[in-house]
Amino acid sequence: MDKLKVRLRRPGMTQETLEKRFSMLRTGLAVSIGIALSIIIILIVSDDPALSIKYLLIGPVMNLNNFYSLFTMWIPIVITGLAVCIMFSANQFNLFAEGAFFFGAVVASGVALSVNLPAGIHPVVCVLAAAAVCGLMGAIPALMRHKLGASEMVASLMLNYAVLQLGLFIISYFFRDANAGSVASRKYPESAKLLELIPRSNIHVGLIVAVVLVVLVYFFMYHTRWGYEIRLVGQNEKFAKYTGVSIGAVTVFSQVLGSALAGGAGAMETLGLYSRFSYTSLTGHGWDGVTLAILAGRNPKYIPLAALFLAYLRKGADLMSMKTGMQTDFVSIIQAVILVFLLAEQFLSRYRQKKTYALSKQLETAREEMGG
Amino acid sequence: MNEVLELVFSTSFAFSVLRLTTPILLAALASVISERAGIGNITMEGTMLISAFMGVVVSAYTGSAWLGFLGGVVIGGLTGWLLSYIIFKLQVNDILAGIAINLIGSGGTVFLLFALTGVRGISTSLSSKVMPSIDIPFIRDIPILGEILSGHNIITYLSFVTVIVIWFLLFKTALGLRIRSVGENPDAAKSVGVNVYKTKSIALTIAGVLSGMGGVYMSMGYVSWFAKDLTAGRGWIGIAAAAMSGMHPVGAMVASVFFGIADAAANTLQTINLPSQLVLMIPYVVTLIAMCVYAYFRLQRKKKLARKKA
């Protein structure tokens, strides 16, 4: 009994912390199942399983260059993760982040190639233009949902396919480099490129932007009225409505903001890593954002960690495919499995019940003892 | 302009409309039956890819187009069943579960293709079969109509037959009544002894089979190979078509033909001197506009009804 009292006196052993621990446990288990599954897939498919697994698990930290490129991959998906986080928090399944990322890169390329500005300002203008254009486009599915009651999800997916073609049209008709073999834009002027933080690492200023955005978005979502209203609408739209929140303004705003972030991420990606626009299809960064938003439980605070995990998995898979010829697309199977286990209410639910029951018993006995 | 009109009012254009309607129609029917059972099923795109892949692989290894078709349809049904398991037994939100299945559809198939053939992204190294095209006796001899209606892939005919089958299933059978009742009011259905989980699970499995047929059509009819993102959003367009159909199989057919026309227009206009990217935008932009128009009229109707009641 003494032991019990000590445990109870430990700060914060309440239902809330139990829930928190439980969701941590569930995330941890889901991720472990994902990793275990990747190892099983490799064992079945790979010609050289030991080497493949080695590269998958420790490849990204084996040398400095790999470690750098881990962060190169981390930057864009952190931002798209935040973008999807904001949209999903309002319970709006807008999947335009994928299209916005691509079109943001198009807009940034257009501005970079058609405007002459000094080095410090040029990329900023490119990124802001991309964010503005994509933010406005993100309003299309949002307004369709709010004004007409159409599915914002289907609308946003149609928009993804439409902006892909529109972007390719813009690049190949106005900015195409005739000397390049495939459809690609002319080379960006030096002034438009993003500053590299560490020489020859490909880590650009976007890293700082991403970190700042994590803090800003977290602050916005949890410490401002707008953020609170977005979350309120997401949790209970009717309640939000009765307390006087303008549902339309909040949902549309959340999707404009999310799309703008994704557009800016695409702009920074192309200006930071490439010398010209060379995408020919959608890039998948928006879908990664969806995975991350779910993995982080729609909380911006956990996005960086989730993104690091996904980037690590990707980089590991990339290295593996380079060294042993394994394909990298199996990462999406792993992503799907992790998502399912993470979202499954039933997964571990019996364990959770048992723990909750035990806790309430503990509290009861403690109260009795204190009373008696 | 004359050139465009000539292209659009040709028999080959009408023929390609039916050809392009097929996958959209099957996806739309899958969406209709899921929605009738009260489930937001968004897995058509992923299921179509999985089935398209399976059809190619099975037909290549067995040498039989029909076994490939069967393989694709069965895996489609299994995917539908898996979705129902994830949604109801593991209790995952249906949209998020759908996102997971679509992830498997897009990435998983490309990975498995590589694991099997060692080639990235396209299955041309597999000698897969194609489902037969059929010339319909008598009809093929009718002048214009024959050229439009005859000579299609067998799955195209199957898809239009399926409209009737699904209509019959939903509105004329006991199972259909159960499916509609669990969709409209699961508690009431439960109280009269309907097994809600089983019924919804059956509906999703049927939806999977339908998407599966659409997928097999893409890889063994529309083209003769499997490639990354072969379906190019047709599953999603199918969902949009279903949303405009009033959740009725015949409505779904009308809406799908409409999108088939948009798709065929894009294909046809590519042959004349227009920027191909802008032409390829047509189906998606048309879908967006059609969604708005439909939603607008539905809203007006609702308002009118509300006014009448008041």
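## Report on a predicted two-chain model

In chain A, confidence is lowest in helix α1 (residues 2-9) of chain A, with a mean of 54, and highest in α5(A), at 95. These values are pLDDT, the predictor's confidence in each residue, on a scale from 0 to 100. The model is predicted: local features need pLDDT of at least 70 and side-chain atom pairs count only at pLDDT 80 or more, while totals for chains, interfaces and linings use all residues. Residues are numbered from 1 along each chain as its sequence is written, and chains are lettered from A and ligands numbered from 1 in the order in which they are written.

Chain A has a mean pLDDT of 86, with 95% of its residues at 70 or more. For chain B the mean is 87, and 98% of its residues reach 70 or more. The model as a whole scores ipTM 0.84 and pTM 0.86.

**The two chains**

Chain A contains 15 helices and 0 strands, whereas chain B comes to 13 helices and 2 strands. Helices (H or I, at least four residues) and strands (E, at least two) are DSSP runs, numbered from the N terminus. The radius of gyration of chain B is 20 Å, close to the 19 Å that the globule rule gives for 310 residues, so chain B is as compact as a globular protein of that length. For the 372 residues of chain A, a compact globule would have a radius of gyration near 21 Å, and the value of 23 Å agrees. This radius is taken over C-alpha atoms, and the globule rule is 2.2 Å times the number of residues to the power 0.38.

| Chain | Box filled by the C-alpha atoms, along the principal axes |
|---|---|
| Chain A | roughly 85 × 60 × 35 Å |
| Chain B | roughly 55 × 50 × 40 Å |

Buried residues make up 48% of the 372 residues of chain A and 52% of the 310 residues in chain B. A residue is buried if 20 or more other C-beta atoms lie within 10 Å of its own, exposed if 12 or fewer, and partly exposed in between, with C-beta atoms placed from the backbone. Of the contacts in chain A with a separation of 6 or more, 77% join residues 24 or more positions apart; in chain B that share is 75%. Two residues are in contact if their C-beta atoms, placed from the backbone, lie within 7 Å.

**The interface**

The contact between the chains takes 40 residues from chain B and 38 residues from chain A. On the side of chain B that touches chain A, α4 (65-89), α5 (94-117), α11 (234-243) and α13 (276-309) of chain B each supply at least two residues. The most comes from α5(B), with 14 residues. By class, this side of chain B has 31 nonpolar, 8 polar and 1 charged residues. Ala, Val, Leu, Ile, Met, Phe, Trp, Tyr, Cys and Pro count as nonpolar, Asp, Glu, Lys and Arg as charged, and the others, Gly among them, as polar.

A:Q165 is in helix α7 (residues 152-174) of chain A and counts as buried, with 21 C-beta neighbours inside 10 Å. Its C-alpha atom is separated by 9.8 Å from that of A:F103, 62 residues apart along the chain.

**Helix α10 of chain B**

In α10(B), 24 of the 27 residues are buried, so this helix is largely enclosed by the rest of the structure. At 1.5 Å a residue it should span 39 Å, and its end C-alpha atoms are 37 Å apart, which agrees. The expected span is 1.5 Å times one less than the number of residues. The helix bends by about 25° at B:V216, the bend being the angle between axes fitted to the seven residues ending there and the seven starting there.

**Individual residues**

A:D288 is in helix α12 (residues 285-295) of chain A and counts as buried, with 28 C-beta neighbours inside 10 Å. Leaving aside neighbours within four places in sequence, A:D288 is in contact with A:I77, A:T80 and A:L310. The C-alpha atoms of A:D288 and A:G81, 207 residues apart along the chain, are separated by 7.1 Å.

Most residues other than glycine have a negative phi. A:N91, in the loop between α4 (64-89) and α5 (97-114) of chain A, has a positive phi near 65°. B:D229, in the loop between α10 and α11 of chain B, has a positive phi near 50°. A:N91 is partly exposed, with 16 other C-beta atoms within 10 Å, and B:D229 is partly exposed with 15.
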